[in-house]
Amino acid sequence: MFRNGSDMKSPKYFGFGITIKLALWTLLGTGLILAATLKYSDFFSSAIIISLVEKGAINIVKSAALQFDDRLQSVETSTENLAYAIEFGKWNEVSLLDLLESVVKENDDIYGATIAFEPYSFNSEIRSFAPYYCKAADGMKLVQLGTPDYDYFNKDWYTIPKKTGKPHWSSPYFDEGGGDIRMVTYSRPLFRRKSPSRGMEIKGIVTADLSLERLSFDITEMFRNVTGYAFMVSNEGTFVASPDAGLLFRDTIQGLAARSGNSSFEKLAAAINTEASGFLDAGGILSGIDSYCAFFTIPSTGWKLCALFSKSELFMASDDLQDKLTIIAVLGMILLIAVSYLVALSFTGPLMSLVKATERIGEGDLDSQVPWTTRRDEIGALASAFDIMQKSLKDYIEKLTRATMEKERIESELSIAADIQRSMLPAISPTLGERKDLEVCALMQPAREVGGDFYDFFFMDQDSVCIAIGDVSGKGVPAALFMSVTKYLVEATVSSEQKLDIALQQVNSLLLKNNESCMFVTIFVGILNLKTGLFTYANCGHNPPLALSPAGIAKPLGEATGPILGVLEKPQVWTDSCQLEPGAIILTFTDGVTEAFNSRDELFGDDRLIQAVSLTPDASVSGVVSQVMKSLKVFCGDCPQTDDITMLAVKFKPKQKAQLT
Amino acid sequence: MEINLTRDTKTMIARISGRVDTIAASAFQRTLEEALDCRPDRIIVNMEDMAYISSAGLRSVLIVCRKAQACRTTLVCCCMNQIVRKIFDVSGFSRLVKIVDTLDEAESIVI
């Protein structure tokens, strides 16, 4: 019933299991969502941070610029005060030098200062007088500037304020022969009223120097803890303060931008040149680090204080946040995968145990316990369904086993019944032993184990032989039971003392008694006189037998001479007779022969039967019967036999022809 | 085999088509028995399209016939083809069941 375990292929799934699939899909889905969220937050936080950073950076630079401006103004104020003092006081050379020295000493930002007089204006005998005090490395130093090497009348710090009559901050320059350092100089004209009507005339120029080296250092110090890189450019764009000494005074920011070819830095340079303040990408130039540059204009000089802010430092906080978010996201995803794996496992685990249970059922083990039937979810439902299936299978197999046993019992009984039925029919050998005047052949092939057909053959006396063939309605056991009754009734009633029709009427009345199941029988009974060849017969609704002449010509033996038996109360039965030629054959048969079907639902029919037996002249009875069977087999092919097939053939062979007449 | 049952006030007409062989006989018998349970005055079995009837079919006819007599229902067969008519004649069933040639004739029989 079941194939054994080794034959059976265990159901296996191919590809990824549900567990892996669920984990992967969860990973994919949440990964996409998290990545999109992170990207979005990065984008917007960057924008916000940039705007915040821009304000902050400009503010830092602005406050530094203003602080620096204060220092410049204090230099200016000191210079102004010096100028006023000279303009309104009476000074000799000694007191003037004292004043100048004290100004330089007291103002920390002033590197050096001079009072340069117009030719012959301090002393009408001396053309040039310009004492210069400065803070040299080895202390205060006094230098007289009016020398052939240092003709101050041609210096910018002198000529420009003299020409304009207004204070002036010089461009950066190296004061060779004076301070001997790089510096910028604030110059203010000294005025003297010539006369009340003629106005003011310029008496000289008072200056104060600012050390650019110091400036550069101060700016660098100022931004040391802020950005690490700050510089200042003059109005012309010249670097006046920078950590990179190579750039100082030699280069302009425009020139550097043009050489760099970096578009961001070019934009920055242009902006520094034209805008008052700004915050732009420095394109990685100057500091070598990807940075933004914030700049602000120093009000007094118009110089630009610029500071670089490293992008990585600016965005450190947001990058840090982004990194932490990414780590949290990754950890979250790992957790999610673990959870989805566990969730999937909680389904696939029971499923796999169900698969194993089902395999056991498949191997025929119907008593094993199906797991998970108490779960109150879909798996529980599946398990319960399997459990019910297993119980149903068990019930079914038990029933089947019982039914099979029952069937075997019935089959064995039927086989015994078939033996009994066969033994009830007379065994006929074709030659009938001693009898030379008669050949008989009979065949009964029930459609099932037992059949409803019968034939009979017996000698009524020395010269009379009775042949009978019958067909009970239906097939199988009921028909077989009715057939046995009919057969014995016929044998009991048909005798030489009684006419055939009366005998059959008696059979009819006996069959009608207690015939609750409405069975009936068609029957043909014939009596052949072996001396005369006279064949007397009665046909109660049976197929007319065929009479074969010795030449092999077959024709039906008349019509019925009465109704089927077992139906009517008083049937009209009569007898008929015919004269047989020597060598003639009477072939009786049941409708199992003529009503055999082939696969096209065609009947074998009378015509085919006649054709089958007409072929051979002077045939033997067994030849005729086997010929019919052969034709039937050819005709039906593989179609199963649906009705009992029975034939009884008798050949009349008188010893002497003379006896016939 | 197919059986088509139609019914008017008192008459039930069973139109049989196809072969009433051993297998079909039980369905044939059951259908007509159920028709009889409806207690019609008359059952007309129209055999116009009936190709063949086997001995098992005849037995069903016999059983139905007996039951009809018990129910006092008139059973009429009509429109038999030659093959079927011959089977009925040979078997003696022509004398057991009322047989007419046409459906009109069957319907005009006074109950």
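Trainee: What is the area buried between chain B and chain A?

Mentor: In this predicted model, about 1,600 Å² is buried between chain B and chain A. Carbon and sulfur atoms give 59% of that area.

Trainee: Why is Leu335(A) called exposed?

Mentor: Its relative accessible area is 57%. Exposed means over 50%. The value passes the cut-off, so Leu335(A) is exposed.

Trainee: What nonpolar surface patch is Leu335(A) part of?

Mentor: One of about 500 Å², made by Ile18(A), Leu22(A), Leu335(A), Val339(A), Val343(A) and Phe347(A). Two elements of chain A, α1 (18-88) and α8 (316-362), each give two or more residues to the patch. The largest share, four residues, comes from α8(A). Leu335(A) has its place in that helix.

Trainee: Which residues have the most contacts inside the largest nonpolar core?

Mentor: Ile86(A), Ile115(A), Met232(A) and Leu305(A), in a core of 51 residues. The element that gives the most to this core is α1(A), with 13 residues. Another core, of 49 residues, lies apart from it; Met424(A) and Leu648(A) are among its members.

Trainee: What does Ile86(A) touch, leaving aside its neighbours within four places in sequence?

Mentor: Its contacts include Trp91(A), Leu96(A), Ile115(A), Phe117(A) and Lys203(A).

Methods:
Residues are numbered from 1 along each chain as its sequence is written. Chains are lettered from A and ligands numbered from 1 in the order in which they are written. This is a predicted model: local features need pLDDT of at least 70, side-chain atom pairs count only at pLDDT 80 or more; totals for chains, interfaces and linings use all residues. Side-chain values use heavy atoms; hydrogens and water are left out. Patches are made of residues with over 30% relative accessible area and no salt bridge: like charges are joined within 9 Å, nonpolar side chains (Val, Leu, Ile, Met, Phe, Trp, Tyr) within 5 Å. Accessible areas come from the Shrake-Rupley method with a 1.4 Å probe; for residues, only the protein chains shown count as cover. A salt bridge is a side-chain nitrogen of Lys or Arg within 4 Å of a carboxyl oxygen of Asp or Glu. Buried means under 20% relative accessible area, exposed over 50%, partly exposed in between (1.4 Å probe, protein chains only). A nonpolar core is a set of buried Ala, Val, Leu, Ile, Met, Phe, Trp, Tyr and Cys residues joined through side-chain atoms within 4.5 Å. Contact means heavy atoms within 4.5 Å. Buried area is the accessible area (1.4 Å probe) that two parts lose on being put together, summed over both.
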